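Work through the exercises below with the sequence and the model open beside you. Each task is followed by a solution that goes step by step.

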Amino acid sequence: MTTVPTWVFEGTVLPSGDTARVTLGPGEIGELLPGRYGVPGFVDSHCHLTMGYTETGPAMLGEEFANERLGELAEAGVSAVRDVGGNRDVTLKLARTEDDNRPFVLAAGRFLAPSGRYFPQMYTPVAPEELLAAVEAEIADGATWLKLVGDFPEVGPDGSIRGSQVGPTYDLDVIEAMVDLAHARGARVAAHVTSDRVTDLIRLGIDSVEHGTSLTEEDLETLGARGGAWTPTLSAGLTPGPNETPEAAARRKARSEHVATLLPLTEQYGVRVLTGSDVVGTVAAEIDLLVQHGLSVEQALTAASTGAQEFLGLTGTGNLVTYEADPREHPDVLTQPAAVVLNHRRIS
Ligand SMILES: [Zn+2]
């Protein structure tokens, strides 16, 4: 018989800022954790557990890579992830099986995109007439989210992206049927969208806007009225690529300025902001970037923890990340937890 230890935290619970004594475990008394500031677990809401970068660009990887990635995320205080596209055999299996030794996984399964509109090595294209069957199959295998690629640049068969102009993937009537089907089955739709097509996709009922670099204030209003979410993935969108051209740098700067006008409006419109590492970032880096782009530290911490837990319906308890210093004053401490408790187990 294994005994579950009890951990005790005394200090300031964030993002609420309440002073509290928190016990994690079956007992009333237990071992006191180091750290005076605690967050009840972070959520990586836009994660690709099976997507890595190799010398030849993005690559689809397997179970071993996903488990390594989950281990790294756990050490950083992440207690749940939403995988938004990748190797469906691996991610849906993770979503179907619970394991206290790793973060909880919600998964979308495969990327839903037609031929020539996503990185070819990352997906098997789904023709428009096959889309509904693909949605059914992902849900039957454990997907609670679907990942729609709503727009994308044209991609050559060698994986080269042709130009910076993105174009539509599926027709809107096809997307509408897909969103309706997902909702009828109790699943939700996360849509990759960077163009102004986002307005139509929100109208059709998508639940979370991924990237959303062309959102407008009006879009936020429509999305927020329905209780939708926006994962701006700032690490992915605003980190300069290698050999960045002056034009690309100018586009990146414009994106950054645009996001900075929108983020401060999200709360008033009821849009749930989420943090997502995508392939290049971390939750801590996203919090930092959200604050640089107009959210308060409390709002950014909410996006990365309790806000995401509520939006994604995560009910797990027994998660806590503690810090010696106040992350509201010293956001850099977010990369150095004093202790991490995952599912009642202290892992660092
Ligand atoms: Zn992504």
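A residue counts as buried when its relative accessible area is under 20%, and as exposed when that area is over 50%. Please keep in mind throughout that this is a predicted model.

**Exercise 1.** Find which protein residues are donors of the zinc ion, and state how they are spaced along the chain.

*Solution.* First list the donors, which are His46 and His48, each through NE2, together with Asp278 through OD. The distances of these donors from the zinc ion run from 2.0 to 2.3 Å. Reading along the chain, the donors follow the spacing H-x1-H-x229-D.

**Exercise 2.** Describe helix α10, its packing and what follows it.

*Solution.* Start from the helix itself, which spans residues 283-292 and has Val283, Ala284, Glu286, Ile287, Leu289 and Leu290 as buried residues. Then ask what these buried residues pack against: the partners are strands β5 (42-47), β8 (78-83) and β17 (272-273), along with helices α7 (234-238) and α11 (297-304). After α10 comes Gly294, which has a positive phi near 105 degrees.

**Exercise 3.** Characterise the protein chain as a whole, from its elements to its surface.

*Solution.* The first step is to count the elements, which gives 12 helices and 20 strands. The chain has a radius of gyration of 20 Å, close to the 20 Å that the globule rule gives for 348 residues, so it is as compact as a globular protein of that length. Its C-alpha trace spans about 60 × 45 × 40 Å along the principal axes, and 52% of the 348 residues count as buried. Turning to contacts between residues at least 6 apart in sequence, 67% of these join residues at least 24 apart. To finish, the chain exposes about 15,100 Å², of which carbon and sulfur atoms supply 50%.

Key
Residues are numbered from 1 along each chain as its sequence is written. This is a predicted model: local features need pLDDT of at least 70, side-chain atom pairs count only at pLDDT 80 or more; totals for chains, interfaces and linings use all residues. Side-chain values use heavy atoms; hydrogens and water are left out. Donors are N, O and S atoms within 2.8 Å of the metal (3.2 Å for Na, K and Ca); water is not among the atoms, so sites may look incomplete. Helices (H or I, at least four residues) and strands (E, at least two) are DSSP runs, numbered from the N terminus. The radius of gyration is taken over C-alpha atoms; the globule rule is 2.2 Å times the number of residues to the power 0.38. Buried means under 20% relative accessible area, exposed over 50%, partly exposed in between (1.4 Å probe, protein chains only). Contact means heavy atoms within 4.5 Å. Accessible areas come from the Shrake-Rupley method with a 1.4 Å probe; for residues, only the protein chains shown count as cover.
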